[in-house]
Amino acid sequence: MKPSQLRIDEKTGRYLPMIYPEEIPFWEGLKARKLLLQRCNACSKVWFPIGPMCPKCLSMEFTWVPMSGRGVVHNFVVYHKAWMPYLQQKVPYAVVQVELEEGPRMTTNMMDTPLEDIKIGMQVEALYEDVTDEITLLQFRAAKT
Amino acid sequence: MTELARAFRDKTAVCGVSNFVGSYPDRTALSLAGEAFKLALDDCGMHKDEIDGVICLSFGSDYDRLLEALGLNVRYAHQGWTHGRFISPTVQQAAMVVGMGMAKNVAIIHGKRRKPYGQPTDLEMWRQGLGPHGESPAYGALRPAFGAAIAAKRYFHMYGGGNEDLAPIAVAFRKHARLNPIAVRKEPMTLADHQKSPWIVDPLRLFDCCQINDGGSCLIVTSAERARDCKKPPVYISGMQGVHAGPEYHNLAMPGLGVAQQTVLKYVPKPEDLYAYEMAGVTQKDIDFLVTYDAFTPLILFALERFGFCGPGEAREFVHNGRIELGGELPINTSGGLLSEGHVTGWNLLVEVVRQLRHECGERQVKNAEIGQYACFLGESIIFRR
């Protein structure tokens, strides 16, 4: 996989994530249905957003390790205004911040979950949405257990 | 507090201001900036050649083109991200430049078009990590409203209440705007009107969000001594503190809400979080009126709790029943603020503090205003006095 600066997918009109060079293992992980985040080799901290060094001890030695994919909805909002044409078919839609079991919180959406079921504190699990041939997005849904 | 800070109190002042807001489709940012500068010179009675320091915005014209257009040579020029959360740090910088003798009279000049010519907008949300208000375009987390909405959601989750607690804020500022000849939004607004306005990003409705305008503004900062010889009464800079930043200080939130990677806790400011009061030698009780960055209504709740005007979770009840209106316990954003006066990327807020302390606000004048504070959710503040 290569870095990407494409902001809109021409086929769907959907906004794409910009893929920065040091984020590539994360995006390759998602394509392979794995949620990989950086863990510090020196102090074991796991962090997000992806960054060049451990924000706790500043070590630049880290390993991409799989997360469990389980977490809870820590926060969410519901968009009623579609700020781009692609989102007109999506409103109202939720943007959630999921707190992973491992600690970091990630901004994502919920799939396969009715809007009215989304609550702060609900258990969720990761799933993966292929948005282009190259790019897969992390998503979440209500935990099946 | 340092010896230097003790000596600095009330030694610098704002002597000239200008502000206009609206729609100027046929004018460039350079033209708006130039007019703002001219109006501020007129306001204080200085000749342009007395200005030996200029600070300007990093979009619109660059500093060199602006100075060329103004025919001005200065010994202190700075160009930066001098908008939004960085407006009061910009005034602080100007005061320190004057205090250190690096320039005598610093003009902070601002001209901005809502849609600039020849410059991309909206790219900041694709920066590495998340956008400056937590934006994540691929997930539809768009626009600064996202930051305010996720912060408000956590606030209501922790402390109770909901969107209806934001209505008195929008209504108060609209009442103030109706007393302000230049305000862009003056239609009457009731609490019910607010509650009928459409959802934008739940828990925020349309009337919880400001609009963006074209406009210009300028503040001239000088020594207290020079200010006393200007046309209008000096407005002294008494105390100040900077933008607090880092993972615990998410933009458009207050500490403790648990937005993005913030720790969840009931935030109460510590003495070191309130340095501006110490520097100015005053407390919250001495503040006659407050001006705060109100791009979105929840930011008022956050500012009130960040600066200890209210305890954790108490601001949402405080803002009801006219307490933040003119004549109330603590009038806030007496010009109508960004929500109703208009958004000159924030500068109009600081101009209002100066005008209130000069007692030139007519119908919206805070009676006997002596001390005014500009203070925001991220901790940046300036305490001014007349």
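Visitor: In what order do the strands of the open sheet of three strands in chain A lie?

Guide: Strands (E, at least two residues) and helices (H or I, at least four) are DSSP runs numbered from the N terminus, and two strands pair if DSSP finds at least two bridges between them. In this predicted model, local features need pLDDT of at least 70 and side-chain atom pairs count only at pLDDT 80 or more, while totals for chains, interfaces and linings use all residues. The open sheet has the order β2-β1-β3 (chain A), with antiparallel pairing. Its edge strands, each pairing on one side only, are β2 (46-47) and β3 (62-66) of chain A.

Visitor: How many bridges join β1 to β2 of chain A?

Guide: Residues are numbered from 1 along each chain as its sequence is written, and chains are lettered from A and ligands numbered from 1 in the order in which they are written. Strand β1 (residues 36-40) of chain A is joined to β2(A) by two bridges, and the two run antiparallel. Gln38(A) has Trp47(A) in β2(A) as its bridge partner.

Visitor: What pattern does chain A follow along the sequence?

Guide: Chain A holds one helix and eight strands, and they follow the pattern α-β-β-β-β-β-β-β-β. The radius of gyration is taken over C-alpha atoms, and the globule rule is 2.2 Å times the number of residues to the power 0.38. For chain A the radius is 16 Å, close to the 15 Å that the rule gives for 145 residues, so the chain is as compact as a globular protein of that length. The C-alpha trace of chain A spans about 45 × 35 × 25 Å along its principal axes.

Visitor: How many residues of chain B are in contact with chain A?

Guide: Two residues are in contact if their C-beta atoms, placed from the backbone, lie within 7 Å. Here 28 residues of chain B are in contact with 28 residues of chain A. On the side of chain B that touches chain A, the elements that give two or more residues are α5 (145-159) and β5 (199-202) of chain B. The largest share, six residues, comes from α5(B).

Visitor: Which strand of chain A is joined to β5(B)?

Guide: Strand β4 (residues 70-79) of chain A is joined to β5(B) by two bridges, and these strands run antiparallel. Opposite Tyr79(A) stands Val201(B) in β5(B).
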